[in-house]
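Visitor: I am new to reading protein structures. Could you walk me through one, feature by feature?

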Amino acid sequence: MERKERPFDVIGQLAALRRYARSLVRNSEEAEDLVHDALVRAFEKRKSFRSGGNLRTWLLSILHNAHIDRLRQNRSLTRRHDEAAVEAEQSLPAGQEHAVRLQQVREAFFGLPEEQREALHLVAIEDLSYQEAANALGIPVGTLMSRISRARAQLREFEEKTPRVSHLRLIGGNGNEGS
């Protein structure tokens, strides 16, 4: 009797992959993204799957590793943002008024969507050309320009909405301040 090779049938494993992903991330949308990433990896590494091996176990292992990679990436990103915030806080010993304004601008910058913040940072802070920044991000120059334009528009809107303090005032004094 000739032994038939088992097909590389990932479709039959989707339900198990989705259940496990939802268990890991506790969010349906993130779970779908995780399953997608795992299936892409599985397809790319399909030649490493042993004929006769347990496809379900192999796919669940890939899904688990994709989840761990995402956790590490998120921790790394959070750490970099925290370090950047600490550096920014230490970079300018400012007066009270300037410190308040700087904090507001910093919060507005860090409030930008990540893709816009990355693009604006590379061009405005790191002084890369549009082409260099686009290459660094792995995107077309037009996409970079669009992201920078949207980021600048959001910061302009923030600037227009935020009142400027021309000077600090004493509040709750004894009434003799004007003399």
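Guide: Gladly! Let us begin with a cut-off: a residue counts as exposed when its relative accessible area is over 50%, as buried when that value is under 20%, and as partly exposed in between. Please keep in mind that this is a predicted model.

Visitor: Is aspartate 127 buried or exposed?

Guide: Aspartate 127 has a relative accessibility of 65%, so it counts as exposed. You will find this residue in the loop between H5 and H6.

Visitor: What can the backbone tell me there?

Guide: Here is the general idea: most residues other than glycine have a negative phi. Aspartate 127 is not a glycine, yet its phi is positive, at about 60°.

Visitor: Which loop holds arginine 26, and what is its phi near?

Guide: Arginine 26 sits in the loop between H1 and H2. Its phi is near 60°, again a positive value in a residue other than glycine. With a relative accessibility of 73%, arginine 26 counts as exposed.

Visitor: Now the helices. How do I read the way two of them pack?

Guide: Two packed helices are described by the angle between their axes and the distance between those axes. Take H6, residues 130-137, and H7, residues 141-161: they pack at an angle of about 100°, and their axes are 9 Å apart. H6 and H7 are therefore roughly perpendicular to each other.

Visitor: Which residues in H6 and H7 meet?

Guide: From H6 come Tyr130, Gln131, Ala133, Ala134 and Leu137, and from H7 come Val141, Leu144, Met145, Ile148 and Arg152.

Visitor: How do I read a nonpolar core?

Guide: Think of a set of buried nonpolar residues joined through side-chain atoms within 4.5 Å. The largest such core in this model has 17 residues, and the members touching the most others are Ala21, Leu34, Val35, Trp58, Leu59 and Leu63. Helix H1 (14-25), helix H2 (28-44) and helix H3 (55-91) each supply at least two residues of this core.

Visitor: Which helix gives the most to this core?

Guide: That is H3, with six residues. There is also a second, separate core of twelve residues, which includes Phe109, Val123, Ala133 and Ala134.

Visitor: Could we look at one core member in detail? What is valine 35 in contact with?

Guide: If we leave aside neighbours within four places in sequence, valine 35 is in contact with Leu14, Leu17, Arg18, Ala21 and Leu63.

Visitor: What does the salt bridge of arginine 70 and aspartate 37 look like?

Guide: Their side chains meet at 2.6 Å, N to O. Arginine 70 belongs to helix H3 and aspartate 37 to helix H2, so this pair ties together parts 33 residues apart in sequence. Arginine 70 counts as partly exposed at 23% relative accessibility, and aspartate 37 counts as partly exposed at 29%.

Visitor: And what about arginine 147 and glutamate 115?

Guide: Their side chains form a salt bridge too, at 3.5 Å from N to O. This pair links distant parts of the chain, with arginine 147 in helix H7 and glutamate 115 in helix H5 (residues 114-125), 32 residues apart. Glutamate 115 is partly exposed, with a relative accessible area of 34%.

Visitor: Is arginine 147 buried or exposed?

Guide: Arginine 147 is buried, with a relative accessible area of 15%. Leaving aside neighbours within four places in sequence, arginine 147 is in contact with Glu115, Gln116, Ala119 and Ile139.

Terms used: Residues are numbered from 1 along each chain as its sequence is written. This is a predicted model: local features need pLDDT of at least 70, side-chain atom pairs count only at pLDDT 80 or more; totals for chains, interfaces and linings use all residues. Side-chain values use heavy atoms; hydrogens and water are left out. Axes are lines fitted to C-alpha atoms, for helices over the stretch in contact, and angles run from 0 to 180 degrees between N-to-C directions. Helices (H or I, at least four residues) and strands (E, at least two) are DSSP runs, numbered from the N terminus. Angles under 35 degrees count as roughly parallel, over 145 as roughly antiparallel, 65 to 115 as roughly perpendicular and the rest as oblique. Contact means heavy atoms within 4.5 Å. Buried means under 20% relative accessible area, exposed over 50%, partly exposed in between (1.4 Å probe, protein chains only). A salt bridge is a side-chain nitrogen of Lys or Arg within 4 Å of a carboxyl oxygen of Asp or Glu.
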